[in-house]
Amino acid sequence: MAYNVLIVDDSQTMRKVIRKTVSISGFEIGDCWEAGNGQEALAILDSCWVDLILADLNMPVMNGLEMLRELKKTELHSHIPVVLITTEGSEKRLEEAYALGIKGYIQKPFFPETIRDVLTKIMEEIRD
């Protein structure tokens, strides 16, 4: 089953790397959108069906934690699983992200197998 994915990272290069890595990992992607920050991501969610969000924590305009807070406010978007892909290693920030509902965390740099395994597990849990 293919999933529609939204990649949110302020680095265009990193968005391309994540997209390519997810693609070669074997995780099936349907449509894929990219946003440079949380605010852009929310705008995309208003017009596109997204099954999974892959997001960085540290971004300008609206960071990952602020985006998570906004997602929780909207019933239509609050169910979308969010996986952080970030260099952030602060336990306090990760605890806050989990409290806001993230489903997983992948630390940069990453391997295709790691992404595939984490995303597949999350989507299987949601489907069951």
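We'll go from the sheet to the helices and then to the cores.

This is a predicted model, where local features need pLDDT of at least 70, side-chain atom pairs count only at pLDDT 80 or more, and totals for chains, interfaces and linings use all residues. Residues are numbered from 1 along each chain as its sequence is written, and side-chain values use heavy atoms, leaving out hydrogens and water.

Start with the strands (DSSP runs of E, at least two residues, numbered from the N terminus). Five of them make an open, parallel sheet ordered β2-β1-β3-β4-β5, where pairing takes at least two DSSP bridges. Select 29-35 and 104-107: these are the edge strands β2 and β5, each pairing on one side only. Now zoom in on β4 (82-86), which runs parallel to β5 over four bridges; Thr86 has Gln107 of β5 as its bridge partner.

Next, the helices (DSSP runs of H or I, at least four residues). Pick 12-25: helix α1 packs on the sheet, touching β1, β2, β3 and β4, with contact meaning heavy atoms within 4.5 Å. Then try 64-73, where α3 lies across β1, β3 and β4.

Finally, show side chains. A nonpolar core joins buried (under 20% relative accessible area, 1.4 Å probe, protein chains only) Ala, Val, Leu, Ile, Met, Phe, Trp, Tyr and Cys residues through side-chain atoms within 4.5 Å. The largest has 24 residues, and Leu6, Ile53 and Met67 are among those with the most contacts inside it. Click Leu71: its contacts include Leu42, His77 and Val82. Apart from that core lies another, of 17 residues, including Val5 and Phe27.

Definitions and conventions. Axes fitted to C-alpha atoms, helices over the stretch in contact; angles between N-to-C directions. Buried < 20%, exposed > 50% of the residue type's maximum accessible area, 1.4 Å probe, protein only. Lists of a residue's contacts leave out its neighbours within four places in sequence.
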